[in-house]
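The report below goes through selected contacts of a protein model, from single side-chain pairs to the interface between chains. Please keep the sequence and the coordinates at hand while reading.

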Protein chains: 2
Amino acid sequence: MERIFEIDPWKLVTHSLDPGNKRLQESLTSIGNEYMGMRGMFEEKYSGDTHHGIYIGGVWYPDKTRVGWWKNGYPEYFGKVINAVDFVSVDLQINGHSVDLAKDEFSDFTLELDMQRGLLTRSFVVKVGQAQVLIKSERFVSAAQKELYANRLQFKNLSDQAVELKVTSVIDANVINEDANYDEQFWNVLNKQAQPEELFLTAQTIPNDFGTPRFTVAMAAQHQTSLQAQAQKVTDQAVSGIWQEQLAAGAQAVFEKRVLVTTSRDYEQQAEIETAAHKLATAQAATSFDDLLAQHAAVWHQRWEKSDVVISGNAESQQGIRFNLFQLFSTYYGSDSRLNIGPKGFTGEKYGGATYWDTEAFAVPFYLGAAPAKVSRNLLQYRHNQLSGAYHNAQQQGLAGALFPMVTFNGIECHNEWEITFEEIHRNGTIAYAIYNYTRYTGDRSYVQNDGFDVLVGIARFWADRVHYSKRQGQYMIHGVTGPNEYENNVNNNWYTNTLAKWCLEYTAQIAQEVSAQKLADLELTSAELAHWQEIAQQMYLPFDEKLGIFVQHDTFLDKDLTPVADLPQDQLPLNQHWSWDHILRSPYIKQADVLQGIYYFIDRFTPEEKRRNFDFYEPLTVHESSLSAATHAVLAADLHKEEKAFEMYSRTARLDLDNYNNDTEDGLHITSMTGSWLAIVQGFAGMRVKDDQLQLAPFVPQEWTGYQFRLNFRGRLLEVVVDKNGTKLSLLQGEPLEVLVNDQLVEVK
Amino acid sequence: MERIFEIDPWKLVTHSLDPGNKRLQESLTSIGNEYMGMRGMFEEKYSGDTHHGIYIGGVWYPDKTRVGWWKNGYPEYFGKVINAVDFVSVDLQINGHSVDLAKDEFSDFTLELDMQRGLLTRSFVVKVGQAQVLIKSERFVSAAQKELYANRLQFKNLSDQAVELKVTSVIDANVINEDANYDEQFWNVLNKQAQPEELFLTAQTIPNDFGTPRFTVAMAAQHQTSLQAQAQKVTDQAVSGIWQEQLAAGAQAVFEKRVLVTTSRDYEQQAEIETAAHKLATAQAATSFDDLLAQHAAVWHQRWEKSDVVISGNAESQQGIRFNLFQLFSTYYGSDSRLNIGPKGFTGEKYGGATYWDTEAFAVPFYLGAAPAKVSRNLLQYRHNQLSGAYHNAQQQGLAGALFPMVTFNGIECHNEWEITFEEIHRNGTIAYAIYNYTRYTGDRSYVQNDGFDVLVGIARFWADRVHYSKRQGQYMIHGVTGPNEYENNVNNNWYTNTLAKWCLEYTAQIAQEVSAQKLADLELTSAELAHWQEIAQQMYLPFDEKLGIFVQHDTFLDKDLTPVADLPQDQLPLNQHWSWDHILRSPYIKQADVLQGIYYFIDRFTPEEKRRNFDFYEPLTVHESSLSAATHAVLAADLHKEEKAFEMYSRTARLDLDNYNNDTEDGLHITSMTGSWLAIVQGFAGMRVKDDQLQLAPFVPQEWTGYQFRLNFRGRLLEVVVDKNGTKLSLLQGEPLEVLVNDQLVEVK
């Protein structure tokens with residue numbers, strides 16, 4: 001654990017710069033606007049340990065798959081997040097010396113991320129010889145105009161002598177990735193121009209062997225400044241402009257850099273991409289930095305209006321939940337159905353790939369409540385866009401139907417561990433579950449009956465081919481899978497996977513009753529196929545232990561040595577840092593909810609006693625070594641009135657990055673698990689459910705808090721839910737009146 | 001299937017050169033003398049597809065482990081067979097043109113591997129413009145003097161004009177490996193000298209990051225020739241000598257290259273290594289090529305005397321078994337207990353590593369009968385030499401005792417697939433079994449009571465820690481293993497593994513009764529520990545199906561879809577070329593004997609009915625996609641009087657490489673599986689067993705043959721066994737008279 005920012009309800013603030021935690025600071029102060037984003041590295045030179053990372057959504061590169069031993073069916077390439085052409089760097093010289101906080105003497109340091117407005121600000125007084133200059137930097141990636149990055153630098157000469165200030169602004173394609181596999185660059189420069197009015201550079205990703213599209217980006221940088229333009233430079237891979245001026249004692253100066261970034265994702269030809277960047281740059285030129293910032297902040301204001309969570313009596317919790325909401329919205333707010341939510345968002349490049357099942361399992365349930373329905377619908381649409389890739393993936397394994405990938409940018413699987421790539425197929429169930437979840441929450445049946453049905457049928461056909469019939473048991477089985485608990489691999493009849501497969505077949509067959517005849521004909525879906533699905537579903541084997549009254553994680557789980565986690569020597573934890581992989585695999589210890597994930601998905605279908613028995617059996621064996629574990633357990637614990645356990649689980653998720661619990665936040669934030677704290681509060685503490693078109697709540701206030709309130713987007717309404725020791729108050733902020741079941745009592749909210 | 005050599009009882013002969021099968025030709029004409037060996041590439045330039053490979057036993061390089069995703073416990077490096085400094089190449093110029101059979105016009109081509117003498121001969125007439133020259137090459141790696149490689153080239157000018165003949169002999173350290181992971185070189189040249197009398201080069205393997213020893217090799221090349229020495233050259237990485245002469249019409253010339261190779265494996269200091277090479281070179285200089293060849297052939301003669309197998313009525317079978325014996329003896333004949341039997345011997349560099357469990361499972365049983373007892377004892381001693389590495393491997397997995405590696409050069413595991421490295425631990429049982437097997441066959445108890453006991457105790461301690469107690473079942477279990485059938489991974493309670501583990505504990509406890517008190521004290525072996533082993537062994541879970549009356553391959557095997565191989569569409573075979581890895585894993589198809597391997601090991605402990613039920617259940621599910629599968633099945637089929645099946649299995653192993661059944665012999669020969677044909681004949685057709693110090697035979701003659709005879713080394717005797725339609729005749733060629741049980745009747749052999 002490491003906490004480097006002060007507790008504040010709306011801000012991350014620090015007054016010190018810790019070189020040993022520079023990367024952690026950079027991860028936490030990342031900003032983004034879905035379209036692009038960046039880590040919180042400094043604009044000016046920093047010669048200490050730093051990770052300069054700028055990323056553009058949907059821009060990636062396919063790297064040759066690297067394995068020790070090839071297995072049939074492995075994908076050809078691994079899609080990597082790549083570092084964009086650097087448009088952020090600005091060199092600041094004072095009397096000929098480049099400011100470098102890793103080496104220079106400085107004071108009055110403040111670094112602040114304003115989450116309410118989405119603004120990153122930094123100020124400090126640097127001493128260069130006798131010169132002392134106050135430097136303030138403000139930057140944001142506009143939520144109002146996706147292509148716009150803006151940075152304002154202000155200078156004040158605090159010395160009693162004049163200082164020579166020289167500012168060099170660059171666009172530089174000479175960048176590499178941090179990722180260990182890489183030492184190569186990704187960008188070929190196509191065009192570069194440097195004029196006093198505009199620095200301009202166009203670059204394209206280098207050719208690849210896999211026939212995936214190359215990406216072109218154009219960047220137009222304009223500068224508004226009180227300084228004198230001095231020169232412009234064009235080098236092999238970069239363009240730069242130099243501004244200079246003598247700053248008299250006490251004098252001030254300002255330098256604004258505004259970069260407009262356009263890409264081949266939105267425009268076809270290089271000329272179009274470039275024209276768009278020029279035009280956008282020209283269009284914003286007359287607007288002041290403050291006005292641009294105000295437009296940006298207004299969008300953030302609307303988002304907070306729709307989804308702020310207020311916690312009373314615990315400032316740390318308050319900061320935690322707002323930080324999670326801020327970073328989630330910076331990563332994704334549903335404006336582009338070609339984008340998704342990468343595990344590190346725009347905050348790092350670890351893991352690669354854009355899309356994991358995390359999105360459907362943990363992000364969709366969050367966005368359903370925290371944002372307008374179209375945001376979630378775009379997440380669903382993303383999978384429909386990639387349906388042909390999912391058919392390709394199934395075919396790679398010799399199977400019918402569609403298998404959505406574990407890791408992907410374009411729908412084609414790019415992960416390469418056989419036990420994951422080929423076997424962690426439960427992901428396919430969650431893709432279907434998200435459609436069900438969206439439909440249940442929003443009441444909008446138009447997706448499930450159209451594009452959603454295409455997806456469901458592809459998934460159902462996959463399951464129908466992937467099961468086998470065991471003559472001995474007279475049941476359908478699924479052998480050779482990895483469940484959500486990745487601390488076991490290649491198991492047979494994982495209860496969670498079998499349950500989801502059975503449900504997918506049933507749900508798809510059920511939806512088939514309401515889609516158009518044309519749709520059925522287009523998909524060549526016959527009553528015989530539907531009947532076969534029903535037969536499989538009815539005869540699906542779901543391991544259950546009569547004696548313990550629990551669902552069994554997989555066939556031989558109960559033969560293990562079932563010593564609970566609490567009885568392990570504490571110095572063995574976390575297991576993934578202390579045990580050999582085989583030791584982990586044959587142990588009973590669970591990385592993240594597995595049987596309990598299935599119970600969470602269908603929480604209303606189990607009796608309290610069923611839920612309790614399974615929770616009491618599995619949770620003590622769970623090490624929660626995935627950031628995705630805590631939320632599910634928090635909701636279930638709350639459901640079972642285990643309020644203390646629910647709060648413990650909440651705490652594991654709410655400040656995971658802010659307090660660097662896993663000691664790896666320097667690589668980037670755990671974006672997809674950030675939904676966990678919201679889910680723990682709304683589905684957990686407040687007991688929010690939707691059943692038979694009915695919104696339900698059953699709130700309690702954790703001991704550690706005096707109360708909390710949150711806003712919920714539900715079927716065109718915006719509701720505010722206030723929970724404190726006196727009870728629950730609901731108000732309708734937008735939309736038509738609505739009946740809500742609160743603690744089993746119908747309440748009309750007007 | 002591809003057959004490029006003619007059928008001949010003692011030779012591989014061809015009169016054509018097929019450029020498309022050049023690598024296959026090279027693999028099949030490999031020669032070696034345990035100490036070093038080489039593929040059958042040409043000495044002179046060959047610009048077509050070729051694999052120039054020369055290997056020195058025990059000389060290797062540790063390559064950084066490469067994986068897609070790291071798992072805790074993976075080894076740091078992967079030991080690779082490396083290509084030695086090239087001492088074979090000789091450039092042949094005729095009238096200024098380098099002979100190159102990939103491009104030149106030639107006739108009268110003959111290539112012949114004489115297995116009786118261990119000599120590779122080639123001759124052809126090459127046309128260069130008007131010139132026609134007959135060139136003949138003979139080469140061998142001396143079985144009489146391990147450091148000696150000899151090559152005689154003879155020339156005859158068939159033209160009616162004089163030709164200019166120029167021969168350039170080199171020693172060249174500029175070599176790389178074929179292996180895809182590599183693009184780097186392995187050799188730093190330490191010393192190089194080129195004089196008319198001797199070319200000399202010393203090289204050392206480049207530094208590595210893993211602290212493993214670097215190897216130094218010195219090579220002294222002497223040349224005996226009728227040609228005139230012209231010049232010598234020293235370049236960065238090579239030394240060469242040039243000889244030249246005008247050959248009148250009809251004239252002949254001879255050029256001999258003899259290279260003496262010494263290494264740091266036998267001498268410590270560079271100076272000693274070099275002195276040894278010089279001395280050896282000088283010592284042999286006065287001996288003619290024919291005499292050197294005669295000395296070499298005499299050793300081969302002795303080997304054949306001890307172990308020739310004669311097959312009547314089937315020339316293909318005859319050639320097959322002799323080829324296998326020839327290549328096995330070229331790879332290993334027990335002269336150095338620091339060496340072992342790599343999967344490709346000296347015939348290729350695929351797979352890396354020197355030692356697999358193949359040695360104990362398939363090579364020891366062969367050498368026990370086909371060679372003097374010390375050969376097998378040296379194979380056992382090799383493991384004792386590496387016992388500390390085995391302790392290291394167990395520790396890497398957090399386990400007690402010793403785990404012998406899957407793949408190694410020095411005892412340290414260097415393979416990196418978790419399902420193999422960590423889980424294919426049955427190998428440890430076979431290491432112990434080989435000690436038992438040696439002791440049973442030879443009657444020599446001195447190994448098992450001393451060094452062998454150290455090995456047994458390390459192995460027993462590993463198993464005792466690796467099992468776990470299942471409270472639910474009240475038995476000890478072994479979860480998370482891969483059996484010999486590598487087409488299933490990470491299974492629970494593999495019958496073969498559990499059976500071997502149980503047996504290891506029992507056998508070690510039994511041997512503990514006969515070792516010295518000092519030995520027990522040295523190993524700190526207490527009666528409590530012995531009692532604990534016995535308890536585990538008694539309560540070991542061995543899956544058995546009452547209904548089918550079979551041992552169950554692992555816990556859930558019988559839940560699979562058990563469609564036999566015969567019912568699969570033939571175009572799906574071999575599975576490893578047609579199915580995705582997960583499909584293979586969840587299928588019931590068996591790569592090589594698994595339950596049946598265990599029954600083979602303890603063939604006398606099961607009733608014929610038990611053996612038959614298991615064979616009839618498992619063999620139809622077996623795809624035999626490992627070269628190690630056929631021998632076990634041949635022996636068991638013969639045991640069950642399934643003579644046709646036994647012969648089918650024999651045929652799969654006897655000419656596997658000669659007929660390139662698996663279509664991969666171009667990468668090198670399947671050395672460790674070459675024992676299979678001998679085992680099929682001796683243990684299979686002839687029913688050879690040793691039980692209670694009694695040699696037993698129960699021979700039959702396969703339909704396809706008229707008879708066969710083989711020689712058996714048994715407890716100081718050399719027996720000849722002749723089997724034909726009239727019965728079995730035994731003769732004693734060496735040693736004391738002996739009683740043998742033939743078809744359950746005691747026969748005295750004098």
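Which kind of contact do the side chains of Asp582(A) and Arg586(A) make when they meet? They form a salt bridge with an N to O distance of 2.8 Å, where the term stands for a side-chain nitrogen of Lys or Arg within 4 Å of a carboxyl oxygen of Asp or Glu.

## Basis of the model

This is a predicted model, in which local features need pLDDT of at least 70 and side-chain atom pairs count only at pLDDT 80 or more, while totals for chains, interfaces and linings use all residues. Residues are numbered from 1 along each chain as its sequence is written, chains are lettered from A and ligands numbered from 1 in the order in which they are written, and side-chain values use heavy atoms, with hydrogens and water left out.

## Salt bridges within the chains

Asp582(A) and Arg586(A) both belong to helix H15 (residues 581-586) of chain A, where they are four residues apart, or about one turn of the helix; helices here are DSSP runs of H or I with at least four residues, strands are runs of E with at least two, and both are numbered from the N terminus. Both Asp582(A) and Arg586(A) are buried, a class that means under 20% relative accessible area, with exposed meaning over 50% and partly exposed the range in between (1.4 Å probe, protein chains only).

Over all chains, the structure holds 92 salt bridges. One of them joins the side chains of Arg152(A) and Asp290(A), at 3.0 Å from N to O; because Arg152(A) lies in strand S12 (residues 148-157) of chain A and Asp290(A) in helix H3 (residues 289-307) of chain A, the pair ties together parts that are 138 residues apart in sequence. Arg152(A) counts as buried at 12% relative accessibility, whereas Asp290(A), with a relative accessible area of 43%, is partly exposed.

In chain B, Arg3(B) forms a salt bridge with Glu316(B), with the closest N and O atoms 3.3 Å apart. This pair links distant parts of the chain, since Arg3(B) is in the segment before strand S1 (11-14) of chain B and Glu316(B) is in helix H4 (residues 315-331) of chain B, 313 residues apart. Arg3(B) is partly exposed with a relative accessible area of 32%, and Glu316(B) is partly exposed with 33%.

## The interface of chain B and chain A

Contact, defined as heavy atoms within 4.5 Å, involves 45 residues of chain B and 46 residues of chain A. The area buried between chain B and chain A is about 3,800 Å², with carbon and sulfur atoms giving 49% of it; buried area is the accessible area (1.4 Å probe) that two parts lose on being put together, summed over both. In chain B, the residues that lose the most area to chain A are Trp69(B), Asp559(B) and Arg586(B), together 19% of what that side buries.

Eight salt bridges are found across this interface, and the side chains of Arg472(B) and Asp559(A) meet in a salt bridge at 3.2 Å from N to O. On the side of chain B that touches chain A, the residues divide into 13 nonpolar, 18 polar and 14 charged, where Ala, Val, Leu, Ile, Met, Phe, Trp, Tyr, Cys and Pro count as nonpolar, Asp, Glu, Lys and Arg as charged, and the others, Gly among them, as polar.

## Two residues of chain B

Asp559(B) is placed in the loop between strand S24 (550-551) and H14 of chain B, and is buried with a relative accessible area of 6%. Its side chain makes a polar contact with the side chain of Arg472(A) at 3.1 Å; a polar contact is a pair of N or O atoms within 3.5 Å, of which, within protein, one must be able to donate a hydrogen and the other to accept it, and residues adjacent in sequence count only if both atoms are side-chain atoms. Leaving out residues up to four places away in sequence, Asp559(B) touches several residues, including His468(A), Met477(A) and Asp555(A).

Gln397(B) lies in the loop between helix H7 (387-396) and helix H8 (418-421) of chain B and counts as buried at 3% relative accessibility. The side chain of Gln397(B) reaches the backbone oxygen of Phe422(B) at 3.4 Å. Neighbours within four places in sequence aside, the contacts of Gln397(B) include Ser580(A) and Asp582(A).
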